[in-house]
Amino acid sequence: MQNRYFSSDPARNSAALALYDSVKGLPLICPHGHVDPRVFADPHYQFGSPVDLLIIPDHYIFRMLYSQGISLDELGIPILPPSKSPPSKLGRDINAVTTADHRVIWRTVCANWHLFRATPTGIWLRDELADVFGIHLKISSRNADAIYDALEERLSRAEFRPRALFERFNIEALATTDAATDALAHHQAIRDSGWGGRVIPTFRPDAVVNIDTDGWRANIDLLSDVSGIAVRDYASYIQALEQRRAFFKSMGATATDHAASTAWTETLSASDAQAIFERALRGEATAKDAARFTGHMLVEMARMSSEDGLVMQMHVGSYRNHNPSIFAHYGRDMGADIPIRSEFTKNLKGLLDRFGNHPDLTLALFNLDETAYSRELAPLAGHYPILRLGPPWWFFDSWLGMTRFLDAVVETAGIYNLAGFNDDTRAYPSIPTRHDVWRRVCADWLAGQLARGFIDEEDAFDMIRALAYDLAKTTYRLD
Amino acid sequence: MQNRYFSSDPARNSAALALYDSVKGLPLICPHGHVDPRVFADPHYQFGSPVDLLIIPDHYIFRMLYSQGISLDELGIPILPPSKSPPSKLGRDINAVTTADHRVIWRTVCANWHLFRATPTGIWLRDELADVFGIHLKISSRNADAIYDALEERLSRAEFRPRALFERFNIEALATTDAATDALAHHQAIRDSGWGGRVIPTFRPDAVVNIDTDGWRANIDLLSDVSGIAVRDYASYIQALEQRRAFFKSMGATATDHAASTAWTETLSASDAQAIFERALRGEATAKDAARFTGHMLVEMARMSSEDGLVMQMHVGSYRNHNPSIFAHYGRDMGADIPIRSEFTKNLKGLLDRFGNHPDLTLALFNLDETAYSRELAPLAGHYPILRLGPPWWFFDSWLGMTRFLDAVVETAGIYNLAGFNDDTRAYPSIPTRHDVWRRVCADWLAGQLARGFIDEEDAFDMIRALAYDLAKTTYRLD
Amino acid sequence: MQNRYFSSDPARNSAALALYDSVKGLPLICPHGHVDPRVFADPHYQFGSPVDLLIIPDHYIFRMLYSQGISLDELGIPILPPSKSPPSKLGRDINAVTTADHRVIWRTVCANWHLFRATPTGIWLRDELADVFGIHLKISSRNADAIYDALEERLSRAEFRPRALFERFNIEALATTDAATDALAHHQAIRDSGWGGRVIPTFRPDAVVNIDTDGWRANIDLLSDVSGIAVRDYASYIQALEQRRAFFKSMGATATDHAASTAWTETLSASDAQAIFERALRGEATAKDAARFTGHMLVEMARMSSEDGLVMQMHVGSYRNHNPSIFAHYGRDMGADIPIRSEFTKNLKGLLDRFGNHPDLTLALFNLDETAYSRELAPLAGHYPILRLGPPWWFFDSWLGMTRFLDAVVETAGIYNLAGFNDDTRAYPSIPTRHDVWRRVCADWLAGQLARGFIDEEDAFDMIRALAYDLAKTTYRLD
């Protein structure tokens, strides 16, 4: 339905439809996400089974099934190899061989699909089946096999290969997220192939910047290798990071990304930075060292961005790997990352005091604590020239989450201090659906503003275009 | 009106009515509340005056009147006996004899009933008068005496005795809340009477678990007495608690309940637990001891629940007895309990690390800080198998509070990680009204989801039944 | 449009209009704001240019333009004189002469007016142009000169002088905000002039109470001068403050106002208060001293209010002058004040323990953290007789901000524990527009309550009058 999800109020409904119609054909700007660049490197890349494509990589789906007692094994999630896996503390036999039959997994998912009623995951998959795969059956036990068969048939066809979908999706630019130590071989292959799709990397240095990361010391060695700069001290470390940023930029990157549990920022003295870095090299850094060093490096990254023009992104407030048993047996990104409270007014001051007024810097903020929207983020973005607010992240990338976001920030920051939309997904075929939901939310929200007379039609049509397309493009410098 | 409180949008209104109609006749599941079991023990029990029934026990009502300068004395709230009452610090003569004339109290309440406009208390009492007592007059000075007379007349009739109302209300099960040291004499009397109503106890051990409780030492002696196990050390203390749980279970209990100002949980070493317990026995425990011991006992209670199958409830975030003058003269539960911020992601980790994945445990969480709904509670419940989210508690047991709750949690946790509804009331005749409001909110909310096309009719009718009935029954194991 | 901003639902729309119509003609009660009393002291006072009137004093406007890279210099904001201005750290030449041509500034504002789409600032200025100045052109580059010309023409006319507008606006009482050390010369001139407009001062002692204020020591000398009481120690300090309060009251004041970053309150021992005050006089007070002394003085101010009857206001939670470069060059109130989290349940206990039940005290609370509305403020106001909740402050003085406020607090506190509306503005000609928005929000909100059947028509018409007029008048004792 063209007017799906819009308010049932007739005046708002038709206004929303007109606004949506004006932007539904615009290309997709995908400035932040987690699609694997490998799928574009090989022109003949084919996705595996429907479960390989839709279930196993999608922690949004399997976390909910897990919450109702369905084991990750039943869903085909691979356990870590024995060397990485400590003895089980779970109540079930987690060393059981994972279910090999993807059709059985699919049936389990479909038999429990009621769990996703009224959730974004439920909406995305339904719309994706219909709009991308042309499958109009309701997900249920009854239809499980028919949907599986139809998906298998589609995935075998050339028009469902990644590059073909990229073109069908009308993606203007898609940024992946890549470790600072990544040699970007897939990105090089894409460029070498002569294909016209704009797939670009994003510089994400967390694993070499957060000194409490598992394997940080090894990552520093890797950084030395890939940069060609032997990291022996803080000065050479900074040089190596600058080398990597320049390399990423040469490969098309326009942005960096930084994850932190809090938004704490501060500038350490040169001697403190050096001392903490050396303690970290010796494996002697404390938890406090780690927090301070991350805060310092965020400011240092802002300094570099003010010089090289890479747009800086901060994702704040996720308590990663909250469930130790799941982490021990399955590893990261298993749906056990839980938000915590976040604070920006005080925490970001270290960075803003030095770079908040800089004419060449853009800093996009994302968080998982909705209370900061109206209290801190909108007032900050409504003052500091460098700030843009990222769209609702993760659990809040949803109809109501987006609506609450617009309600909370626009009155204070306007829409022109927003960073537009990004899909932030590793579920590649869900990309058009996710953008569609955002565009529909914005159309519905603006139709509400229009129906009440806060804005007029000229405003509304300008604003929907900005929200659907322009703001993401200009914020991320994707011109 | 059958469609009262529903959205005035015609499509949503009729859908809400159809959904509501499908569940309005379902029995009431009341798995958590504070009705006095005494009223069921005696088949001929009669309520006192309208003020005894509706005003004096209801701190929702008298707190609001107090906030506008009406003294608790004028409302008939008894002051504590002198031995328990320190010298007055209030601005008025709190030792005045409390007003004896209940009709005068009732007139005072009615004359100030405008204070309750647009509040749940106002809605409950209006609907209760109409639906339970068949009184359709608006509460006001003008109607005060007529309503009082009508209530007196009703209360004198056999059909308004507690057991008769239980049957008329179509209550399938009603749980009371009882101290760990309670001998459950009224529950025994109910069972002995052969009456068919299912009234069951709930094990609430706060007064023996929170070592900073007034009178804790005496409660421990009482625990020894009722359990028959002399509590001399931590080991015998745990044994006595296990004895009481087994006794409660034998009396029909399916759940425990635990109040804490924060959700802090941790497992103490055996020697630390023993040492703190012994300091407490000697009256030497510190505030820090008390906080740690409560956190430890919550984990220990989870351990016991994982073994005996009693569903565990946690109610977090009330600052009890905030007003010292009111507490000194009138005691507990006087409308002066004020919410504080609450945190779960970090605080609950001690318990979740050990029991979060347990196949036999259910933990229902309640809190008074709405910001935790979307940020912490829904993500936690959308991952951990043991967790269920209790319905909006106390101040949030209201039309808008429930709507905000559904808006905040369903997109992330779905509805199947919710614990359904409970009325949590000591105001027995308000029970059907409170369930009715919940069922109407859910119908209205689902009608909105349906009107926008997020869910279809099959989904909506399944979901309203789950929310109105099934989820409470299965969460609390009341099959 | 008479029904602008109301819900587009037909039933709600017409009910809202009827409710609004019943109060739109009521006089304006303006119990808290920042209009300069100077404009009323001279009967022939004329406003300057449109930019002098509408842009330069309005940090709501220039902060948003600044957030998009437009310098404050371009907007005519004066830089501090050199002696107060440290060397520049900004990325641009902040010592450039400020733009002198107000028409050019106006064109810059108009060319960027899209930034204010869907913001209260955008709505206020549009409505103010139409309703106060009779200018019905949309603000845009195209109309910039025509609007400027029309404004200049209006401002040259006698009917647009401050006193004439006061009468046209139908202001019943307007309170200014004045330092404790202010001699109130303009207020005296207003009284001496025989003009009938009720313009009254408000006692704001922050600069002599918060010992960490810039220039506190000099302010104490000023306090000695204006009070005629030599402040040598804590006792004489308290005497001087009491003298000033009595003077303000004699000049018509009915209220005091207190700003604090947190709501912390405590009663220091006499010796501690004296010791901290003496350290402050010697310039040796610590940050902790300052926080404790502010907390203590808030209780002391409550004590004085309980005696002299001045209504106490607290504005909590703004991090002032967050941007050090802007502060250094332009000073205070430059749009760089950012909210922080606030807490009341624990912080206000020091004050409430002593005065929460006082029959003669009124304390109105304002804050910038919406999460405290339902969690702490409404429960506190729904119990303590002294408390009233101020209307949504600053960033939340907006359509959605007000709606969220009513949604969050009324169910728990009712409307009769609210302080009604105040415009809190220095933008004098925007006053009727701001009250109009509040009255429309309340009409729309009550129409929603009415349409759903929570309240009836009698309730709704009583409530709109209370919200629009009565509550502000009675809370601030402006009878």
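**Note on the chain interfaces, sheets and loops**

1. Asn321(B) has a relative accessible area of 17% and is therefore counted as buried, the cut-off being under 20%. The model discussed here is a predicted one. Asn321(B) lies in the loop of chain B that runs between β8 (318–319) and α15 (324–330). Its backbone deserves attention, for Asn321(B) is not a glycine and yet has a positive phi, about 55°. Most residues other than glycine have a negative phi.

2. Is Asp424(A) buried or exposed? With a relative accessibility of 15%, Asp424(A) falls under the 20% limit and so counts as buried.

3. The contact between chain A and chain B involves 49 residues of chain A and 44 residues of chain B. About 4000 Å² is buried between chain A and chain B, and carbon and sulfur atoms give 51% of that area. How many salt bridges are found across the interface of chain A and chain B? Seven are found there. One salt bridge joins Arg117(A) to Asp462(B), with 2.9 Å between the closest N and O atoms. There are also 33 residue pairs in polar contact across the interface of chain A and chain B, both residues at pLDDT 80 or more. On the side of chain A that touches chain B, the elements giving two or more residues are α4 (59–67), α6 (120–131), α15 (324–330), β9 (338–339) and α18 of chain A.

4. At the start of α4(A), the backbone nitrogen of Tyr60(A) has a side-chain oxygen of Asp58(A) within 3.0 Å. After α4(A) comes Gly69(A), with a positive phi near 90°.

5. The interface of chain C and chain A is described next. Here 49 residues of chain C are in contact with 44 residues of chain A. The area buried between chain C and chain A is about 4000 Å², with 51% given by carbon and sulfur atoms. Which residues of chain C lose the most area to chain A? They are Arg117(C), His322(C) and Arg341(C), which together account for 18% of what the chain C side buries.

6. Seven salt bridges are found across the interface of chain C and chain A. Among them is the pair Arg375(A) and Asp369(C), whose closest N and O atoms are 3.2 Å apart. The interface of chain C and chain A also has 33 residue pairs in polar contact, both residues at pLDDT 80 or more. The elements of chain C that give two or more residues to the side touching chain A are α4 (59–67), α6 (120–131), α15 (324–330), β9 (338–339) and α18 (399–413).

7. Chain A holds an open sheet of three strands in the order β1-β2-β4, with parallel pairing. β1 (28–30) and β4 (199–200) of chain A stand at the edges; because each has a single partner strand, one side of each is left without a neighbour in the sheet. β1(A) pairs with strand β2 (residues 171–175) of chain A in the parallel sense over three bridges. Leu28(A) stands opposite Ile171(A) in β2(A).

8. In chain C, three strands form an open sheet with parallel pairing, in the order β1-β2-β4. The edge strands of this sheet, β1 (28–30) and β4 (199–200) of chain C, each pair on one side only. Three bridges link β1(C) and strand β2 (residues 171–175) of chain C in the parallel sense. Within β2(C), Ile171(C) is the residue opposite Leu28(C). What lies across β1 and β2 of chain C? Helix α19 (residues 431–452) of chain C does, running at about 105° to β1(C).

Definitions and conventions. Residues numbered from 1 in each chain as written. Chains lettered and ligands numbered in written order. Predicted model: local features only at pLDDT ≥ 70, side-chain atom pairs only at ≥ 80, totals over all residues. Heavy atoms only, no water. Buried < 20%, exposed > 50% of the residue type's maximum accessible area, 1.4 Å probe, protein only. Helix = DSSP H or I, 4+ residues; strand = E, 2+ residues; numbered from the N terminus. Pairing = 2+ DSSP bridges. Contact = heavy atoms within 4.5 Å. Axes fitted to C-alpha atoms, helices over the stretch in contact; angles between N-to-C directions. Buried area = accessible area lost by both parts, 1.4 Å probe. Salt bridge = Lys/Arg side-chain N within 4 Å of Asp/Glu carboxyl O. Polar contact = N/O pair within 3.5 Å; in protein donor to acceptor, adjacent residues only side chain to side chain.
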